[in-house]
Amino acid sequence: GQTKSSFIADCGSPSEFDSPLDCPDCTMCCNSQQECDVTTATTGFGVWAGVVMGLVFGFLCLVLLASLLQRKGLYQCFSLKNDAYDTVGKDSVYCFFLSNSITAWVLTIVVIVAQVLCFSVYINGATLDFDSDKDWVYQYVCPRDNLACRMTSDNGGLGWIFFAIFLAVHLLSDVVNGLKLVWNGPRYGLSWKTCQCLFGGLCLCSISAL
């Protein structure tokens with residue numbers, strides 16, 4: 001016999017009603033265009049972003065610890081002889097963090113805030129929310145005169161592989177530069193330059209990870 005059951009309701013958006021039905025126990029929600037998606041597809045990207053930021057911060061702390069141990073001769077790994085400006089790249093806006101100019105810092109912070117806002121807008125639009133009409137594309141079409149639903153999503157393993165490759169090509173250099181900044185920070189001892197390197201590396205890695 002059948003061991004699985006599903007419950008589909010008109011709890012998607014746009015809705016035939018003034019407001020979508022509230023059905024937290026439904027298996028699938030559909031909208032007025034007969035487009036549907038499973039309720040388990042809802043993802044808390046804000047939570048994931050927080051987890052990623054925590055992992056990045058923890059990893060950078062390990063990099064900093066390894067660099068400090070190497071400076072004290074307790075651990076030997078490798079050394080970077082590049083100057084901080086060469087490490088981050090003189091064509092990057094993040095090199096302004098290595099400047100003592102207030103204007104340069106303000107410009108860099110404005111750029112970071114703009115990047116975070118763009119990321120927030122994108123995530124907000126790409127998050128599945130059955131109560132509001134967003135940019136999320138429903139994965140199924142379930143005609144009302146048919147018991148079977150048809151998957152319309154083109155997402156596949158090959159697409160995710162190419163996505164990961166393109167993402168790595170564009171962002172890996174920034175991540176590496178951020179790690180180099182953190183690694184080189186202890187070179188300058190207890191100084192303002194060290195704080196600049198650490199803060200710049202943290203911002204560069206965090207924005208790239210997001």
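Student: How many cavities of 30 Å³ or more does the count come to?
Tutor: The count comes to 1 cavity of 30 Å³ or more. A cavity is a set of points, on a 1 Å grid over the protein atoms alone, where a 1.4 Å probe fits but cannot get out. This is a predicted model, where local features need pLDDT of at least 70, side-chain atom pairs count only at pLDDT 80 or more, and totals for chains, interfaces and linings use all residues. Residues are numbered from 1 along each chain as its sequence is written, and side-chain values use heavy atoms, with hydrogens and water left out.

Student: What volume does the largest cavity have, and which residues line it?
Tutor: The largest cavity has a volume of about 50 Å³, taken as the space filled by probe spheres set on the points, with grid points joined across faces, edges and corners. S13, L128, D129, S132, D133, K134, W136 and Y138 line the largest cavity; lining residues have an atom within 4 Å of a point.

Student: And how does that lining divide by class?
Tutor: The lining of the largest cavity has 3 nonpolar, 2 polar and 3 charged residues. Ala, Val, Leu, Ile, Met, Phe, Trp, Tyr, Cys and Pro count as nonpolar, Asp, Glu, Lys and Arg as charged, and the others, Gly among them, as polar.

Student: Now the sheet. What is the strand order?
Tutor: The order is β1-β2-β3-β4-β5 in an open sheet of 5 strands with mixed pairing. Strands are DSSP runs (E, at least two residues), numbered from the N terminus, and two of them pair if DSSP finds at least two bridges between them.

Student: Which strands stand at the edges?
Tutor: β1 (8–9) and β5 (150–151) do; each has a single partner strand, so one side of each is left without a neighbour in the sheet.

Student: How many bridges join β2 to β3?
Tutor: β2 (residues 28–30) and β3 run antiparallel and are joined by 3 bridges.

Student: What about β3 and β4?
Tutor: β3 (residues 35–38) is joined to β4 (residues 140–141) by 2 bridges, also running antiparallel. E35 has V141 as its bridge partner, and C36 has Y140.

Technical notes:
Helix = DSSP H or I, 4+ residues; strand = E, 2+ residues; numbered from the N terminus. 1 Å grid on protein atoms, 1.4 Å probe; cavity = no way out; pocket = protein on both sides within 12 Å on 5 of 7 lines; lining within 4 Å.
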